[in-house]
Amino acid sequence: MGRTAGSGIRPTIRMVAAEAGVSTATVSYVMSGRRGEGGPGVSDITVERVRAAAERLGYRPNQAARAIRTGRTNTVILSLTMLSDPWSLSVIEAVQKAAAPLGITPLILGDADWVKVLQSHDADAVFVDAVTPEQQKPLEGLAARGTTLVVFDEQLEAAGFDVIRSVAGPGCTLAVEHLLAGHRKVGCLVPSREGRPPAGQRYEAYTSALAAAGIGLNEDYVGAFDGTTAGAYAATMRLLGRDDRPSALYATTDYAAVSAINAAQRLGLTVGRDVDIIGVGNAIEGERMSPSLSTVGPVDFFERVARLLLKRAVDGGTQVPEVLDFPWQLFVRESAPHRSAANRLY
């Protein structure tokens, strides 16, 4: 029987090797975090045996010594514009789950100036979820300096960094068309700066789908809000509180759709029967909530982004940057179910 974490003895790599019945070199390789599985000559069974022995003994690698030896920080940075957004929370969850077996710690930047932070802080890899035109040159400068970057953007090319490309327009059209198959009074929740009319491809998908269906745009059914969850909630209360309320709502983000469901329930409406609501993004939370959220988005997006980010973290950015493209699809759930022919077009 091996020693346990409560024995009062600080476990060493030699103790883990003895406990697992392998060499210290094998323990070092498995615990190095270079891969999530064994390399040449190290089987998956051996990897699990070593990790189990390390867990029983309470062994933790010396992170400071490892950083000096390998040049790695064993951290990744996630720069996320809006932490309360289910999309951002889905990114965090997927990365945390994939990073834990590698001994890598995700560090979260919420609504921060990532350019300034990355100029003074190192990480093995960085995920950035939004790049403004003013940030493009600093982004290229960071990549040229050697910062390993994975960037979410619909237009950038892989210029020294990986690009996650997920073009929303066609998917948003699917969302509006799904609602129009059962409704003529379809409203829209869209973030918009104060004093400016709604714009962007997600909103254009709404107006174009209405026009294609022969339905004129009713500006009273457009709930522009300030980009916050509270703003989306207030906009929904206004839309659904009308005597001639829309019978369906297209929200241009999942977080706005979640706020809309909360508002509809506050008004005593049954979502999926009294009003249909669909979002955009396919965040993990949407499938788990009740009622589950109908949405459009890419398949396996968060898991694949996490795998790419951590692959870049462990390979030291030595791979050729690539563009990872995601097609979108419709996910029909309880908040906007298919309508029967008898209930359509009201």
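Trainee: Okay, what does the accessible surface of the protein come to?
Mentor: About 16,800 Å². Carbon and sulfur atoms account for 52% of that accessible surface. Keep in mind that this is a predicted model.

Trainee: How many helices and strands are there in the protein?
Mentor: The protein has 13 helices and twelve strands.

Trainee: And what share of the residues is buried?
Mentor: 48% of the 346 residues.

Trainee: What about contacts between residues at least 6 apart in sequence: how many of those join residues at least 24 apart?
Mentor: 69% of them.

Trainee: Let's go inside. Which residues touch the most other members of the largest nonpolar core?
Mentor: Phe127 and Ile164. That core has 27 residues.

Trainee: Which elements supply at least two residues of this core?
Mentor: Three strands do: β1 (75–80), β3 (125–128) and β4 (149–152). Helices α5 and α13 (301–315) do too. The most comes from α13, with eight residues.

Trainee: What does the lining look like by class?
Mentor: 18 nonpolar, 13 polar and nine charged residues.

Trainee: New topic: Leu142. Where does it lie?
Mentor: Leu142 lies in helix α7.

Trainee: Is Leu142 buried or exposed?
Mentor: Leu142 has 4% relative accessibility, so it counts as buried. The cut-off for buried is under 20%.

Trainee: What does Leu142 touch, not counting residues up to four places away in sequence?
Mentor: Trp114, Leu118, Gln119, Thr147 and Leu149. Take Leu118: it is 24 residues from Leu142 in sequence, but their C-alpha atoms are 7.8 Å apart in space.

Trainee: Gln119 is in that list of what Leu142 touches. Is Gln119 buried or exposed?
Mentor: Gln119 counts as exposed because its relative accessibility is 51%, and the cut-off for exposed is over 50%. Gln119 sits in the loop between α6 (114–118) and β3. Besides Leu142, Gln119 touches Arg145. Its C-alpha is 9.4 Å from that of Pro138, 19 residues apart in sequence.

Trainee: Which helix is Gln136 found in?
Mentor: Helix α7, residues 136–145. Gln136 has a relative accessible area of 32%, so it is partly exposed. Not counting residues up to four places away in sequence, Gln136 touches Val131 and Leu156. Between the C-alpha atoms of Gln136 and Val115 the separation is 9.9 Å.

Trainee: Now the backbone. Which peptide bond is cis, with omega near -5 degrees?
Mentor: The one from Ser290 to Pro291. Pro291 is in the loop between α12 (284–288) and β10 (294–298).

Trainee: What is the phi of Asn74?
Mentor: Positive, about 60 degrees, although Asn74 is not a glycine. Asn74 is in the loop between α4 (63–70) and β1. Its relative accessibility is 2%, so Asn74 counts as buried.

Trainee: And the phi of Asn282, what is that?
Mentor: Also positive, about 55 degrees, and Asn282 is not a glycine. Asn282 is in the loop between β9 (276–280) and α12. At 13% relative accessibility, Asn282 counts as buried.

Note on methods:
Residues numbered from 1 in each chain as written. Predicted model: local features only at pLDDT ≥ 70, side-chain atom pairs only at ≥ 80, totals over all residues. Heavy atoms only, no water. Nonpolar A, V, L, I, M, F, W, Y, C, P; charged D, E, K, R; others polar. Helix = DSSP H or I, 4+ residues; strand = E, 2+ residues; numbered from the N terminus. Buried < 20%, exposed > 50% of the residue type's maximum accessible area, 1.4 Å probe, protein only. Contact = heavy atoms within 4.5 Å. Areas by Shrake-Rupley, 256 points an atom, 1.4 Å probe, with all protein chains shown as cover. Core = buried A, V, L, I, M, F, W, Y, C linked by side-chain atoms within 4.5 Å.
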